[in-house]
Amino acid sequence: MAIAAGIASIVLLAGCGNESADTAEEKTTEWDRIQEEGTLNVATSGTLFPTSYREEGTDELTGFEVEVVREIGKRLELEIEFTELGFDEMLTSVQTGQVDMASNDIEVTEDRKENFAFSTPFKFSYGTAIVRKDDLSGIETLEDLKGKKAAGASTSVYMETARSYGAEEVVYDNATNETYLRDVAIGRTDVILNDYYLQTLAIAAFPELEITIHPNLKYSPSEVGVVMNKDNKELAENVNRVINEMLEDGTIAKISGEFFNGADVTQKVDIEE
């Protein structure tokens, strides 16, 4: 009987030990892992001026959101490791946990909020259209997009707008701004729908191209934040905490001025659609 009781005690103790280990394992979160590793892995394109790009003649990644993310890392006492991906791929990588966060002028939408966690927005803008100078690519209103070739990322809100008006989408694999713009100029495509600030600076960078921002098309007020896995609540809480600090102390406004010719993109815009 004593032997049987002893065996029973061992079994019970072993069971308790396993339960304790399982409980400890459950308490380890993605935020714990990030802190332990000391690194935040962030997806960005490296090809979207002035959000995420390389200065000509250098190999150093910079840009408005690149520098915002670096400041986030500094305040969270984490190193930032950038992974350069195409737009569609970076969202998938956040969802599957291959990266912790994505930052590439990604707009907050209701559909995306169902699948991702967005930070506090820190950039506000609206949509515009790049077209050919001589004839505005035959576009007067958004309804004229029907049958036109619209260039962009397949899952961007701007391509969704183009498709909703019947445009034919032309998708590139993480191409540079110059490729997008030159194709409109030579007629390979007709229009690029995108953010006002990005479009303005992109055109200014290539003055030799016969393209312009459409004078009458202003639509879809937008807000941008960094994107995280919806399950990583602690990461989102900590990122939001420091972003709110950076908005309050003017850090993001200062970074904005450096990359958007003095403009403060942290201020909300009011347009008539």
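This is a predicted model: local features need pLDDT of at least 70, side-chain atom pairs count only at pLDDT 80 or more; totals for chains, interfaces and linings use all residues.
User: What makes up the lining of the largest cavity, by class?

Analyst: Six nonpolar, two polar and no charged residues. The rule is that Ala, Val, Leu, Ile, Met, Phe, Trp, Tyr, Cys and Pro count as nonpolar, Asp, Glu, Lys and Arg as charged, and the others, Gly among them, as polar. Numbering runs from 1 along each chain as its sequence is written, and side-chain values use heavy atoms, with hydrogens and water left out.

User: Why is this space called a cavity, while others are called pockets?

Analyst: On a 1 Å grid over the protein atoms alone, a cavity is a set of points where a 1.4 Å probe fits but cannot get out; a pocket is an open set with protein on both sides within 12 Å along at least five of seven lines, and lining residues have an atom within 4 Å of a point. The count here is one cavity of 30 Å³ or more, and the largest cavity holds about 30 Å³. That volume is the space filled by probe spheres set on the points, which are joined across faces, edges and corners. Strand E8 and helix H6 each give at least two residues to the cavity lining.

User: Which elements supply at least two residues each to the lining of the largest pocket?

Analyst: They are H4 (87-96), E8 (149-152), H6 (157-164), H7 (177-185), E10 (191-195) and H8 (196-205). The names come from DSSP runs numbered from the N terminus, helices being H or I with at least four residues and strands E with at least two. The pocket holds about 580 Å³ and has 34 lining residues, with Leu48, Phe87, Ala153, Tyr180 and Asn194 nearest its centre. By class, that lining is 17 nonpolar, eleven polar and six charged.

User: And what makes up the lining of the second largest pocket, by class?

Analyst: Four nonpolar, four polar and four charged residues, around about 350 Å³ of space. Among the lining residues are Arg54, Glu55, Glu56 and Glu178, and these are the charged ones, because Glu and Arg sit on the charged list. Strand E2 (53-54) and H7 each supply at least two lining residues.

User: Why is Val68 called buried?

Analyst: Buried means under 20% relative accessible area, exposed over 50% and partly exposed in between (1.4 Å probe, protein chains only). Val68 comes in at 0%, so it counts as buried. It sits in helix H3 and, leaving aside neighbours within four places in sequence, touches Phe122, Met246, Ile252 and Ile255. Contact here means heavy atoms within 4.5 Å.

User: Why do Thr128 and Ala102 get that label as well?

Analyst: Thr128 has a relative accessible area of 2%, so it is buried; Ala102 is at 0%, so it is buried too. Thr128 belongs to strand E7 (123-132), and its contacts beyond four places in sequence include Leu193, Asn194 and Ile213. Ala102 belongs to strand E5 (101-102). Val42 and Met90 are among the contacts of Ala102.

User: What makes the group around Phe64 and Val239 a nonpolar core?

Analyst: A nonpolar core is a set of buried Ala, Val, Leu, Ile, Met, Phe, Trp, Tyr and Cys residues joined through side-chain atoms within 4.5 Å. The largest such set has 34 residues, and Phe64 and Val239 have the most contacts inside it. H9 (233-248) is among the elements giving two or more residues, and its six are the largest share. A second, separate core has 15 residues, including Ala129, Val131, Ile139 and Leu142.
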